[in-house]
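Let's take a walk through this model together, with the sequence and the coordinates side by side. Here is what we will be looking at.

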Amino acid sequence: MFTPRTPIRSAGLLLIAALTLAACTERQQVYDIEGLGQIRFGNSGAAEAQEAFHRGVLWLHSFEYGFAEEEFQRAQSLDSTMVLAYWGEAMTHNHPLWRQTDPEAAQAVLAKLAPTPEARRALAPTEREALYLDAVEALYGEGDKQERDRRYSEALGRLHEAHPDDDEARAFYALSILGLTNGVRDYATYERAASIVEPLFERNPRHPGAAHYIIHSYDDPDHAELGLEAANAYADIAPGAGHAQHMTTHIFLALGMWDRVIENNILATKTIVSQRGEQDPAPWACGHYTSWQHYGHLQKGEFAEAETLMDACQAWVDAQGGPSGGAGNYWSSMRAHHLLDAGDPSLIARWSGDPAAGRSPTAGEGWPDSRVRVYATDAVVRMRAGEQVDVTSLLATIPDEPAGNRIMKLQVEGLAALQGGRTEEGLARLTEAADMEDALPLEFGPPEIPKPSRELLAEALADAGRLGEARQALEVTQARIPGRRAAAVLGSAAQMVADNLE
């Protein structure tokens, strides 16, 4: 009996298509990992590689890049053909909001998958996964950083448009938009990023990236209230990530919520120290989290607690041969804030050092220059305490650039004029410093100019008996930097004087 061949061929093709479809079906399991949060990142990797892969993505969302790298490598060891595991490891070499990237290291990771972008794309089991590869290829391709960031964000935008229900595409697209600012505070760009990621936070309030990127979107006193829900949530979403605990305090600090600033930075430091195991925990004595905790204590008037932290920082930099590098920058910042808020010149000798020994003032780390910060702060503290200070040589060595140096120089010039009895000249210098500082983009965290210029102007105006002008200056500085203890104390004192005069 004759049997037609066409149906048999068709059946074979259907079987092949079915097997291919089965092989390319993306796993869509939700992973809720204690201490890190909850995500679902559909992919075609093997089942045994899924937990490591999802754990890597969760670490990535909390900017814990070292831990993320380990997990993505583990996923690769469990499934060497898992395309997105190589994508994830390459992503650990891009830190967009820290303006750090290492294209060479990332390209080495991608080369483990295949030698060329075309060959790598051909290995993607689905078009959606291929789009993720397209984005990372743009991120580490030709051009300068700004051009690569733009192409990367555009590629993620295409991925998000093609797959609007892909939570990870949405989250990483929002982060890429934040990265386009390259450190410049552009509210329109921030709000655009927030509008993309907020629906994800509503849909999955345990998504660490959603909470994290909302916080970055609203990280300033004018918008911080909009990020408070995300900040409160993020602390509970990812208690296993030190950066997550700290990041919440960007919102808390902007709102003057000092108890939360202290509490969550303590948690951040404890998390990191516990993860270091046998490694020396001392470097964190002069670290980012400690400096924020220290500032919170100062704003609460908890000087004993702040002194304990400052002493530990001093001991660490002394053990390293002096306050240099990143630790030296934190040391000079903590020291400046402490001296200025305490107003005690005797502390100058207790915490001493030169963060740019043997180098010119413009060669130190940080903005304003850490060495300028030290010597200008010492002069301001002494003059505010009534000491006679000859600042001629200091003023001659402080350069006018960057802008922070010029502002601190004006502060010293203004106080020197006031000390010399030239009141109008002194107030004019302090007003110039305040206007210049107000024109700068607002930075998050403890003020980069350790003594906010308009706060200093308000104090000088109050000393001159010009209470009305002092109150106006205080209102401006409190709006720009809410919750400052010095401004609150001065405001209360000025009000008491005014009440007694009535």
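**A guided tour of the helices and loops**

P402 sits in the loop that runs between α20 (392–397) and α21 (403–419). The peptide bond leading from E401 into P402 is cis, and its omega is near 0°. If you are checking backbone torsions, F63 deserves a look too: its phi is positive, at about 60°, although F63 is not a glycine. You will find F63 in the loop between α2 (50–61) and α3 (65–78).

Before going further, keep in mind that this is a predicted model. The mean pLDDT of the protein chain is 89, with 90% of its residues at 70 or more. Over residues 1–23, however, the pLDDT is below 50, and this stretch has one contact in the model beyond near neighbours in sequence. Residues 363–367 also stay under 50 in pLDDT, and for them the model has 18 contacts beyond four places in sequence. Where pLDDT is low, the predicted coordinates should not be read in detail.

Back to the loop that holds F63, and to the two helices on either side of that loop. How do α2 and α3 lie relative to each other? Their axes come within 8 Å and cross at roughly 160°. With an angle over 145° counting as roughly antiparallel, α2 is therefore roughly antiparallel to α3. The crossing of this pair, α2 and α3, is left-handed. On the α2 side, A52, F53, R55, G56, V57, W59 and L60 meet Y65, F67, A68, E71, F72, R74 and A75 of α3. Sorted by class, the contact of α2 with α3 comprises 10 nonpolar residues, one polar residue and three charged ones.

In passing α13, α12 makes a left-handed crossing. The residues in contact are L228, A231, N232, Y234 and A235 from α12, together with A244, Q245, M247, T248, I251 and F252 from α13. The contact of α12 with α13 holds eight nonpolar and three polar residues, and no charged ones.

Next comes a covalent link. C286 and C313 form a disulfide, with their sulfur atoms 1.8 Å apart. The count of disulfides comes to one. The torsion about the S-S bond of C286 and C313 is about 110°, so the disulfide is right-handed. Since C286 lies in the loop between α14 (258–276) and α15 (288–299), while C313 belongs to helix α16 (residues 303–319), the pair ties together parts that are 27 residues apart in sequence.

Finally, follow α15 to its contact with helix α17 (residues 325–342). The axes of α15 and α17 come within 10 Å and cross at roughly 5°, which makes α15 roughly parallel to α17. From α15, the contact draws on H288, T290, S291, H294, Y295, L298 and Q299, and from α17 on Y330, M334, H337, H338 and D341. By class, the residues of the contact of α15 with α17 are four nonpolar, seven polar and one charged.

Notes. Residues numbered from 1 in each chain as written. Predicted model: local features only at pLDDT ≥ 70, side-chain atom pairs only at ≥ 80, totals over all residues. Heavy atoms only, no water. Left-handed = near helix turned anticlockwise from the far one by under 90°. Helix = DSSP H or I, 4+ residues; strand = E, 2+ residues; numbered from the N terminus. Contact = heavy atoms within 4.5 Å. Nonpolar A, V, L, I, M, F, W, Y, C, P; charged D, E, K, R; others polar. pLDDT = per-residue confidence, 0-100. Disulfide = S-S within 2.5 Å. Axes fitted to C-alpha atoms, helices over the stretch in contact; angles between N-to-C directions. Parallel < 35°, antiparallel > 145°, perpendicular 65-115°, else oblique.
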